[in-house]
Amino acid sequence: MEDNGFPALRLICFVSFMTINLVHGDLSYSFPEELNRGSIIGNVAKDLGLDLKEFSSRKARVDLEGPQKRFCDINMNTGELVTSEKIDRESICGKKPSCLLRIDLVLENPLELHRVSLHIQDINDNSPKFRVNLIEMEIRESADRGNRFPIEVAHDADVGQNAVQKYVLQKNDNFILAVNNNNVELVLENKLDREKQKEMNLLLTALD
């Protein structure tokens, strides 16, 4: 390089390459919510075909996607993926029909990344609830048979077969219950007689 009186700067660039082996055989586990801390989700070492010595020497660890809470960890003595705390499906996925968490299982020497899908199954841990415990309705004595009176439905934090399944109306002489999808109605089956009964108490129960 020609020296024109200016200090010369020599740049040396080192280019390094890192190879990450992405394994296509992703792991998938299904388990119910609310398991106690330390409950076994699955044996990742066995499912990856690794003995415990190799599994430990390759420093297996769990990495999470984004800022999500850490719900599971690895027992290095057994190679099992275990819960690190109780998992409440409703707080994570709300009323979604399916609840899926994704984590990364990382192994070193050589570096491997395994995608692990955790399917959290709903259990029947919530009871149906009405917004209010008492509903007052004023119905005219002249109301015709077949008249319908809507009632606000009950809500259940659980989903699918663990959500509200049916409503039961206490047996009485005047009303029957009609349920259609998300509509609940009292149906007047027999005419009211105010002289015989000025007030009527009915019990409606939501069952899951």
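What share of the 208 residues in the protein chain is buried? Buried residues make up 31% of them. Here are some notes on this predicted model, in the order I would look at it.

1. **Overall make-up.** The protein chain has 3 helices and 13 strands. Among contacts with a separation of 6 or more, 65% are between residues 24 or more positions apart. The chain exposes about 14,800 Å², and carbon and sulfur atoms supply 48% of that area.

2. **The three-stranded sheet.** Do have a look at the open sheet with the order β3-β6-β5, where the pairing is antiparallel. Its edge strands are β3 (40-43) and β5 (72-75), each pairing on one side only. Neighbouring strands here are turned by 25° against each other on average, direction ignored. Between β5 and β6 (residues 80-83) there are 4 bridges in the antiparallel sense, and Asp73 has Val82 of β6 as its bridge partner. Cys72 counts as buried, at 2% relative accessibility.

3. **The main core.** Which residues have the most contacts inside the largest nonpolar core? They are Phe55, Leu81, Val116 and Leu118, in a core of 24 residues. At least two residues each come from β2 (27-32), α1 (44-47), β5, β7 (100-107) and β8 (112-121), and β7 gives the largest share, with 4 residues. As background, nonpolar side chains tend to be buried together in soluble globular proteins.

4. **Leu81 and its surroundings.** Leaving aside neighbours within four places in sequence, its contacts include Ser39, Ile40, Ile41, Gly42 and Val44. Cys72, Asp73 and Ile74 are also in contact with Leu81, as are Val62, Ile103, Val116 and Leu118.

5. **A second core.** There is also a separate core of 14 residues, which includes Ala143, Phe149, Val184 and Ala206.

6. **The β11-β12 hairpin.** Strands β11 (residues 175-180) and β12 (residues 183-188) run antiparallel and are joined by 6 bridges. The hairpin has 2 residues between the strands, and Asn181 takes a positive phi near 55° there.

7. **The disulfide.** How many disulfides does the structure hold? It holds 1, joining Cys93 to Cys99 with an S to S distance of 2.1 Å. The torsion about the S-S bond is about 70°, so this disulfide is right-handed. Both partners are buried: Cys93 has a relative accessible area of 11%, and Cys99 has one of 3%.

8. **Backbone details worth checking.** Most residues other than glycine have a negative phi, and most peptide bonds are trans. Against that background, the loop between β7 and β8 deserves a look, as it holds Asn109 and Pro110. A cis peptide bond joins Asn109 and Pro110, with omega about 0°. Asn109 also has a positive phi of about 55°. Is Asn109 buried or exposed? Asn109 is exposed, because its relative accessible area of 61% is over the 50% cut-off.

9. **Glu34.** In the loop between β2 and β3 sits Glu34, a residue other than glycine whose phi is positive, near 65°. Glu34 is partly exposed, with a relative accessible area of 27%.

Conventions
Residues are numbered from 1 along each chain as its sequence is written. This is a predicted model: local features need pLDDT of at least 70, side-chain atom pairs count only at pLDDT 80 or more; totals for chains, interfaces and linings use all residues. Side-chain values use heavy atoms; hydrogens and water are left out. Two strands pair if DSSP finds at least two bridges between them. Axes are lines fitted to C-alpha atoms, for helices over the stretch in contact, and angles run from 0 to 180 degrees between N-to-C directions. Buried means under 20% relative accessible area, exposed over 50%, partly exposed in between (1.4 Å probe, protein chains only). Contact means heavy atoms within 4.5 Å. Accessible areas come from the Shrake-Rupley method with a 1.4 Å probe; for residues, only the protein chains shown count as cover. A disulfide is a pair of cysteine sulfur atoms within 2.5 Å. A nonpolar core is a set of buried Ala, Val, Leu, Ile, Met, Phe, Trp, Tyr and Cys residues joined through side-chain atoms within 4.5 Å.
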